[in-house]
Amino acid sequence: GITIYQHGNKLRDEMRAAGGVIRGKEFRMMDAYSFSADVAGMKQAYASIRRALVDFLKALKLDFAIVSADNGDMGGEASEE
């Protein structure tokens, strides 16, 4: 499979808080889109990317929490922030 990464500023224009959380209108975003031959490959790509990000944040000694997120317009079965 192949994974494409997109980094940049994202603008969000929400009329109200989503799930009780007020989010900023402009923020730094990193998206990853993986294209795998099958579900097993997709799950492997997801786990690899997730592990790399967790290791990175731990190396920076940042406090963080991974939470379930809305898949949005792209759809899918899993999304985390």
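## Asp31 and its surroundings

The side chain of D31 makes a polar contact with the side chain of Y33, at 3.4 Å. A polar contact here is a pair of N or O atoms within 3.5 Å; within protein, one must be able to donate a hydrogen and the other to accept it, and residues adjacent in sequence count only if both atoms are side-chain atoms. This is a predicted model, in which local features need pLDDT of at least 70 and side-chain atom pairs count only at pLDDT 80 or more, while totals for chains, interfaces and linings use all residues. Residues are numbered from 1 along each chain as its sequence is written, and side-chain values use heavy atoms, with hydrogens and water left out.

D31 belongs to strand β2. Leaving aside neighbours within four places in sequence, D31 is in contact (heavy atoms within 4.5 Å) with I4, Y5 and Q6. Is D31 buried or exposed? D31 is buried, yet has no salt bridge; K10, the nearest side chain of opposite charge, is 4.8 Å away. Buried means under 20% relative accessible area, exposed over 50%, and partly exposed in between, with a 1.4 Å probe and protein chains only. A salt bridge is a side-chain nitrogen of Lys or Arg within 4 Å of a carboxyl oxygen of Asp or Glu. For charge, Lys and Arg count as positive and Asp and Glu as negative; His and the chain ends are not counted.

## The overall layout

The protein has 1 helix and 2 strands, and along the sequence they follow the pattern β-β-α. Helices (H or I, at least four residues) and strands (E, at least two) are DSSP runs, numbered from the N terminus.

Of the 81 residues, 7% count as buried. The protein exposes about 7,000 Å², and carbon and sulfur atoms supply 55% of this area. Accessible areas come from the Shrake-Rupley method with a 1.4 Å probe; for residues, only the protein chains shown count as cover. Among contacts between residues at least 6 apart in sequence, 36% join residues at least 24 apart.

Y5 is found in strand β1. With a relative accessible area of 44%, Y5 is partly exposed. Which residues does Y5 contact, leaving aside its neighbours within four places in sequence? They are M30, D31, A32 and I49. One of these, A32, is 27 residues from Y5 along the chain, and the two C-alpha atoms are separated by 4.5 Å.

Strand β1 covers residues 2–11 and includes I2. I2, I4 and F35 make a nonpolar surface patch of about 310 Å². Patches are made of residues with over 30% relative accessible area and no salt bridge: like charges are joined within 9 Å, and nonpolar side chains (Val, Leu, Ile, Met, Phe, Trp, Tyr) within 5 Å.

## Ser36 and Met42

S36 lies in the loop between β2 (26–35) and α1. S36 has a relative accessible area of 31% and is therefore partly exposed. Not counting residues up to four places away in sequence, S36 touches G1, G41, M42 and A45. G1 is 35 residues from S36 in sequence, but the C-alpha to C-alpha distance is 4.2 Å. A polar atom of the S36 side chain lies 3.4 Å from the backbone oxygen of G41.

M42 is found in helix α1. At 31% relative accessibility, M42 counts as partly exposed. M42 touches S34 and S36, not counting residues up to four places away in sequence. M42 and T3 are 39 residues apart in sequence and 9.8 Å apart in space, C-alpha to C-alpha.

## The salt bridge

Side chains of opposite charge can pair when their charged atoms come close. How many salt bridges does the rule give? The count comes to 1. The partners are R50 and E80, with the closest N and O atoms 2.8 Å apart. This pair links distant parts of the chain: R50 is in helix α1 (residues 39–59) and E80 is in the segment after α1, 30 residues apart. R50 counts as partly exposed because its relative accessibility is 35%. E80, at 35% relative accessibility, also counts as partly exposed.

## Lys61 after the helix

K61 is found in the segment after α1. Phi of K61 is near 60 degrees, a positive value in a residue other than glycine. With a relative accessible area of 76%, K61 is exposed.
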